[in-house]
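Here's a quick tour for someone meeting this protein for the first time. Have a look at the sequence and the model, then read on.

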Amino acid sequence: MLLVCGVTVAFLAPSTTATADPVKDCTATVGAVVAVDFGPFGGKVERGCDTTPTTGYDLLHEAGFTTTGTVHDGPAFICRIGYGSFNSGTQYPTPDKEPCQLTPQASAYWSYWTASPGQANWTYSPLGAMARTPKPGDVDAWVFGGTDVGGSTGKPTFSPDDVRAGGGASPKPTDTSGPVVPPGAVDLPAATRWLTAQLKDGERVVDEGSETPNYTLTAETALALAAADPKSPAAAKVAAFLARPEHTEAYAYPSGKDRAPEAAAAARLALVAEATGGNPRAVGGHDLLGDLVKDVCTSGSDAPTPVPGCTVRGDFPTTSGQAEGQALAVIALLGGGVRPPADAVARLTDMQCQDGGFTSMLIRRGDGCDSEPGATGLAALALQRAGGHEAEVAKARDFLKKAQLADGGLPAAAYGTVGSAYATGFAAQALRHLGETDRADAAVSWLSKQQLPSGAFAFEAGGTDPLLFATVPAVIAGAKSDLVTLTTKKPEPSPSPTGPTTGPTPRPEGGPDLKKGSAYLTDPTRLIQGHYYESTAGTGFADYGLTIDGAYALAATGADNAALRGIVDFLDHGGKDGTGRTLASWTNIGTKYAGGGSLGKAALLAEAVGRDPRHFGGQDLITALAKAVCPAKTPAPDRSCADKGAYTNATSVFSQSLGVIAQVRAGESTAAAEPIAYLKTLQKPSGAWVSLIGEPSGEEVDSTAIAAMALDLLPDQQSQAAVDKALAWLAAQQKPDGGFPGASGNSVNSAALAVQALSLDGTTYKTQITKALAFLTSQQNGDGGFNIAKDAQPGSDLRASTQAVGGATGISFGTLTRSLAGTTPQPTPTGSAQPSGTPTTPKIVTPGENGGGSGGSGGGGGGLAHTGTQVIGIGAAAALLTLLGYGFVRAARTRRTAKGAHQ
């Protein structure tokens, strides 16, 4: 108790107030402004300026605000904020409202929002304040309350322009005739040679380590080849391959040849047929256009009897929540001479943001919306071809013109400053189709400078990794064509060749370089005497959740058992961090703040490496878990027990699942009966789990993956059926590039967890696993670490790397095992060692849980926007796994080995 009290004093102490720069010193090109809304506490919006901000955290303090962290998470998680001129600097919420012992509840915390120069709307930050580097002219905002990962609730009530430097609107780019750049042309012969070289047997793209085709990339390759040469024999051969019934059905009709097609897949096949002179009404024995029209949603999710997949009237029900599928289907129908239902075309306009751009997500009208030039180009093509939406197309044109950079390229996101070949390719197509020839030529000039010696393109400027999905739109634009022009041809019937089917194969090999990834995790600048520290240099506050995540990853790979032994010994032998905290301090074992997720996470590590969880770190974690099972829901305002069978202080599905796995692995299935039953009740009809327990949140990938791994340990038919349903839902969330949606965007964390869950049935989901591994490979950096997300701030992130390294093995957390035999005992740190200098670990934390996991929304549903520190699992949303960390590993279950799963 004395230790706990000591830590409380240390970490609930408020930060000191800095001398702020005058707000007038921050301009559109110098410094950044931060605004904090004290309205919920009787105050007003207060602004501050820092002319030389290094991080969002520093901006907040240098602008004159003070903050307090939590005992559990440290100063990086911003629990309270104060300002000198408001109530004498009192920090809010006050201790009587929020003790700041654990992560605050998801509906009452400080959320973090950002806006770049020229951006009219707020965006929830995919990075924590310590990990984000504000750029000149940026505006940050902190708002108390709650929100979801889509940003549809809880946004600031004031606009970015209301609080910008000078209190007025930021300057907007001048609408000139376009960037002044030298002429340039894409080397189409070189691009064609590279594209053709990607085809196995000249007819299909096959991911490394796989035997089955990547149908999406195969179809897109055909479109690029046809754009470069309208009579391309290579494109015709690919089209013929895709038109074989077994391939058409494997790609576009995964639920059965008599069921509704997957809309984006059917649209791509139709577009390939149209681009190569085929008949989209006779592909593989299917009328693709007829099937697309037939299955357009006639009602939404608010109907008395909702149709699965129909969120809004006009949806194509199987687009996996991506606007791309909607747009491709509209273009394919029009290209084949079929007028799409008006509702399907109008549905595209729901994705238009206030600034005229379009988001890539199939959102509802009025939802949080962040514009993307690539998505805008594709939507503009579809709406222009459909007609009747002149106002929306005009706004999209203006957005693209404003988003175009001085060098002619366009960024992946509206606020980006680096051109993306993928985005520029689609934007250039739209600009040319809309008559903006000079701007389209400038974009092609930029593309010509980005073309790699091989003829391919990387994702964005400066990249060196050739990517098919980036090369395709760039080549079509380089051919001075566009997806509409390429496919607007009179359909002509063509024979549909047939061929042999491909039998099931074992789970594919390949994926990230795990040896390099493990070396990144064990680098002595990161792993210090058996543990990781939080990103604030010099605090001495170890991140126990992240440390255990690193141990999971090393246990999964077996690449450095000595380093793994160092972590385990530190935790097991009472090692102390720079503040004197131990593992017991982090789990809060023996106190009313004990968290089922934290206890379960620690117990699972002990089980994985052969230590006794009943005597680990000087504590009986299994008995503590049994005591943490709630007998009933606690009445408000006590939120320690969400319901009967929940674990105490475990407000996320992720934490509930961790506790279940730990108890079952310890042979305590009977003691875990109520937690298991409660976990099952949280599964949605779709097969997914939401992120939070006891608070509104959306279905998401991370929670569904970990819950599936927990229930897969149970042999009963009901549990196995629940797992099968969960895996089917997970597979449907995969993005075209192999990634999965999470709180940070196209999330590395969520993709890794999906690999681990889908590997429970590796034969059925071999294709999805292969694509996800390729996605993870694309996000690995030269130092061995991984980005947080494809569309987030680039650079290796320690927390994301722990999940990616362990997740890529496909080993279930339920069966993870690593012997430490032959390793040498490690000395136990006493708390003297701590990091110094620049922190190496960007951190994000989502509110609502005292243990780590993930944030985000698997199917586009809701988690919470991130606040001050790390989101342990960027996919679970809100508080999910706040500091439990989001690294979890999984192994294929025995029952699924019979189906051909990889062990």
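Which residue in β4 is the bridge partner of Thr 67? That partner is Ile 81. Keep in mind that this is a predicted model.

Strand β3 covers residues 65-68, and strand β4 covers residues 80-83. The two run antiparallel, with four bridges joining them. Along β3, Phe 65 and Thr 67 point one way, while Thr 66 and Thr 68 point the other way. Whichever way they point, all of these residues are buried.

Now hop along to Lys 680, which sits in helix α25 (residues 673-681). Is Lys 680 buried or partly exposed? Its relative accessibility is 21%, so Lys 680 counts as partly exposed. If you skip its neighbours within four places in sequence, Lys 680 is in contact with Leu 711, Asp 716, Gln 718 and Ser 719. With Gln 718 there is also a side-chain to side-chain polar contact of 3.0 Å. As for Ala 722, it is 42 residues from Lys 680 in sequence, yet the C-alpha atoms are 7.9 Å apart in space.

How confident is the predictor? The mean pLDDT of the protein is 82, and 84% of its residues reach 70 or more.

| Stretch | pLDDT | Contacts beyond near neighbours in sequence |
|---|---|---|
| Residues 1-13 | below 50 | 22 contacts |
| Residues 490-508 | under 50 | 46 contacts (beyond four places in sequence) |

Conventions: Residues are numbered from 1 along each chain as its sequence is written. This is a predicted model: local features need pLDDT of at least 70, side-chain atom pairs count only at pLDDT 80 or more; totals for chains, interfaces and linings use all residues. Side-chain values use heavy atoms; hydrogens and water are left out. Buried means under 20% relative accessible area, exposed over 50%, partly exposed in between (1.4 Å probe, protein chains only). Two strands pair if DSSP finds at least two bridges between them. Contact means heavy atoms within 4.5 Å. A polar contact is a pair of N or O atoms within 3.5 Å; within protein, one must be able to donate a hydrogen and the other to accept it, and residues adjacent in sequence count only if both atoms are side-chain atoms. pLDDT is the predictor's confidence in each residue, from 0 to 100.
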